[in-house]
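Visitor: Hi, I'd like a quick tour of this protein. Can we bring it up on screen?

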Amino acid sequence: MQNQKITIEEIENKEFHIASRGYNQHEVDEFLDSICDELERQEAEINALKAENDRLQHQAVPQPFAAPVVPAPVAAAPVEQMNDATEGTFREILEMAKRVKDMTIADAKAKAAEIVANAENEAKARLGNMDEEKKQLEAELESVKTAVREYKEKFAEAIAMAQDALDLTTDL
């Protein structure tokens, strides 16, 4: 993407995804607007210099028997300087965009790690509570089993006593 030219229209129409803990959208929009304004100013200046260069080249028509007039490279130097300045500006914008991207990714990774850690802690806490609840239920179940055994034993004793009493009455 470094060799690809960025147009003002692309900057104006660029949409960034909204993320939590992201940048202030208004500040980003204002900064992009100022970049567009600067690019428009530079484009206008480049176009004016090119037009002036073309005009000077067309004016320099050689006269008969006179040495041809060669336009001085004065007009070309500012265009080259402007191209270097524009390229430098684009590089700065791209570097800044890369820093913003890297910071956003780092923030997202940190937030993701925090979310995962919180989820793991919550899961551990729930499992701990479930283990405690399981122990309580097992204790209650054991208590019920003991009560059932005792009831069966008492019931068997009552039946045995009733049987003994019945046997005594039939012996009479």
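Predicted model: local features only at pLDDT ≥ 70, side-chain atom pairs only at ≥ 80, totals over all residues.

Visitor: What does Glu45 form a salt bridge with?

Guide: Arg41. The closest N and O atoms are 2.8 Å apart. Both residues lie in helix H2, four residues apart, about one turn of the helix.

Visitor: Which residues are linked with Arg41 in a network?

Guide: Glu38 and Glu45 are linked with Arg41 in a network of salt bridges. Between Glu38 and Arg41, the closest N and O atoms are 2.6 Å apart. These two are three residues apart in H2, about one helical turn. Glu38 is partly exposed at 29%, and Arg41 is partly exposed at 42%.

Visitor: How many salt bridges does the structure hold?

Guide: Five. One of them joins Glu52 and Arg55, at 2.5 Å from N to O. That pair also sits in H2, three residues apart.

Visitor: OK, new topic. How long is H2?

Guide: H2 has 35 residues. From its first C-alpha to its last, H2 reaches 50 Å, close to the 51 Å expected.

Visitor: And what else is in the fold? How many helices and strands?

Guide: Three helices and zero strands. The order from the N terminus is α-α-α.

Visitor: Which residues of H2 are buried?

Guide: Leu32, Ile35, Cys36, Leu39, Gln42 and Ile46. Across the protein, buried residues make up 8% of the 172 residues.

Visitor: Which residues make the largest nonpolar core?

Guide: Seven residues: Ile8, Ile11, Leu32, Ile35, Cys36, Leu39 and Ile93. Helices H1 and H2 each give two or more of them. The largest share, four residues, comes from H2.

Visitor: Back to the outside. Which residues form a nonpolar patch on the surface?

Guide: Tyr23, Val100 and Met103. Together they have about 260 Å² of accessible area. Val100 is found in helix H3 and is partly exposed, at 31%.

Visitor: Last one. What is the accessible surface of the protein?

Guide: About 14,700 Å². Carbon and sulfur atoms hold 58% of that surface.

Notes
Residues numbered from 1 in each chain as written. Heavy atoms only, no water. Patch = residues over 30% accessible without salt bridge, like charges linked within 9 Å, V, L, I, M, F, W, Y side chains within 5 Å. Areas by Shrake-Rupley, 256 points an atom, 1.4 Å probe, with all protein chains shown as cover. Salt bridge = Lys/Arg side-chain N within 4 Å of Asp/Glu carboxyl O. Buried < 20%, exposed > 50% of the residue type's maximum accessible area, 1.4 Å probe, protein only. Core = buried A, V, L, I, M, F, W, Y, C linked by side-chain atoms within 4.5 Å. Expected span 1.5 Å × (residues − 1).
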